[in-house]
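Colleague: I have a model open and would like to learn how to read it. Can we go feature by feature?

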Amino acid sequence: MNPPRRSLLLTLCLALASTPLAAQTAPPPPLPASAASAPLLEAVTVSGEQPGPGLWKVTRGDHTLLILGTLSPIPRDVTWKTDQIEDALAHAGELILPPKVEIKPNVGFFGRLALLPSLIGVRNAPDGATLQEAVPADVYQRWLAVKARYIGDERKVERYRPIFAAVELYKQAVKKAGLRKSGDITRTVIDLAARHGVKQVPVPYTLLVDDPRSVVKEFKRSTLDDVSCFTQSVDNIDAQLADMTRRANAWATGDIDGLRDDRRAKQLRTCLDAITEGGAAQRAGIADVPREVRTRWLAAVDDAMASTPQSVAIVPIDDLLGDDGYLAALKAKGYTVESPDGD
């Protein structure tokens, strides 16, 4: 399996928990005073106009693909110069959009309405278990400290499965750190492509889940091997935020070496495996999603390189980098790949 991605992890988690409703349960125990007084990390300092990332150059013969790697999250107040990407689009015939994953029930409108009641409480642990009961005592004490720091006195999350609690911790910590999603960058590139009349090529993948009510019921009864994911998330969140800040600054200033993050890749792999290796996920086909998305993106590149002298692609940085990332796959297919820094 290619390296897991935070966006894909969130997609899969939300596919399994696609409603904000939760069962009413007794409140968890109060937070210790020491945890409630834990300090916050400093926010990101990079702001204003930055040079932004460079473009990877992929060639075969006289055909060229220029790739903009997007990073999420990024500093909330940063802007980036668009001169390089606009020049690339001005001479491009196609813009390959970021892969888009959707997981939908293979039923009609009324079938989806009938599915809604079964989704209530799907984030919650089986049999009404709490996080305190689901994870080791020492891990739970560390969880209380980081929860107080980033989530606050939120009771509902104490009934979540460990992996959903980890996702909530990540989302709230990102907000506290002064970071935001990178959607504005993608929208800017799409607007520039429209301005220059560049054809936009989507890379969609939709997984239709047969008998979704059965899958949901099985998932709600089953356990996940997600304690390791939860533990790494709790233990790494402070360092991970520092890494996010470092990577966001590296992206904004065009520092390619600074974008690499082995700790993040290891943690995300653990968390994605916790979801995709479960029985319900396997039977629903969720385990196949990363491979299918990768295959479709590489096929879009092949088509563009065969038909267009120059094309542009937008891809999340985490998908590009690594020994089995998209750039390595392009090299394996015989393309020449040049880093923005010439490495």
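Colleague: What percentage of the 343 residues in the protein chain is buried?

Modeller: Keep in mind that this is a predicted model. Buried means under 20% relative accessible area. By that cut-off, 52% of the 343 residues are buried. The chain exposes about 15,800 Å², and carbon and sulfur atoms supply 50% of that area.

Colleague: How many helices and strands does the secondary structure come to?

Modeller: The protein chain has 15 helices and ten strands.

Colleague: What share of the contacts with a separation of 6 or more comes from residues 24 or more positions apart?

Modeller: The figure is 86% for this chain. For an example, take V203, in strand 8 (residues 199-209).

Colleague: Which residues is V203 in contact with, leaving aside neighbours within four places in sequence?

Modeller: Contact means heavy atoms within 4.5 Å. V203 touches I96, L97, P98, P99 and K100, and also R296, W297 and A300.

Colleague: Why does V203 count as buried?

Modeller: V203 counts as buried because its relative accessibility is 6%, and the cut-off is under 20%.

Colleague: Where does E102 lie?

Modeller: E102 is in strand 6 (residues 94-105). Its C-alpha atom is 4.7 Å from that of T206, a residue 104 positions away along the chain. Beyond the neighbours within four places, E102 contacts Y205, T206 and L207. At 28% relative accessibility, E102 is partly exposed.

Colleague: Now to charge pairs. How many salt bridges does the structure hold?

Modeller: First the general idea: side chains of opposite charge can pair when their charged atoms come close. The cut-off is a Lys or Arg side-chain nitrogen within 4 Å of a carboxyl oxygen of Asp or Glu. This structure holds eleven salt bridges. One of them joins E94 and K199, with the closest N and O atoms 3.9 Å apart. That pair links distant parts of the chain, as E94 is in strand 6 and K199 in strand 8, 105 residues apart.

Colleague: Is E94 buried or exposed?

Modeller: E94 is buried, at 11% relative accessibility.

Colleague: What separates K171 and E168 in helix 7?

Modeller: About one helical turn separates K171 and E168, because they are three residues apart in helix 7 (residues 162-176). They form a salt bridge, and the closest N and O atoms are 3.9 Å apart. K171 is partly exposed at 37%, whereas E168 is buried at 19% relative accessibility.

Colleague: How far apart are the closest N and O atoms of D302 and K333?

Modeller: The closest N and O atoms of that salt bridge are 3.0 Å apart. The pair links distant parts of the chain, 31 residues apart: D302 is in helix 13 (residues 289-307), and K333 is in the loop between helix 15 (326-332) and strand 10 (336-338). D302 is partly exposed, at 25%. K333 is also partly exposed, at 36% relative accessibility.

Colleague: Which residues are linked in a network of salt bridges?

Modeller: D138, R142 and D235 form such a network.

Colleague: Which residues gather in a patch of negative charge on the surface?

Modeller: The patch consists of D255, D257, E338 and D341. D257 sits in the loop between helix 10 (227-253) and helix 11 (262-276). D257 is exposed, with a relative accessible area of 53%.

Key. Residues numbered from 1 in each chain as written. Predicted model: local features only at pLDDT ≥ 70, side-chain atom pairs only at ≥ 80, totals over all residues. Heavy atoms only, no water. Patch = residues over 30% accessible without salt bridge, like charges linked within 9 Å, V, L, I, M, F, W, Y side chains within 5 Å. Areas by Shrake-Rupley, 256 points an atom, 1.4 Å probe, with all protein chains shown as cover. Lys, Arg positive; Asp, Glu negative; His and termini not counted. Charge placed at Lys NZ, Arg CZ, Asp CG, Glu CD. Helix = DSSP H or I, 4+ residues; strand = E, 2+ residues; numbered from the N terminus. Buried < 20%, exposed > 50% of the residue type's maximum accessible area, 1.4 Å probe, protein only.
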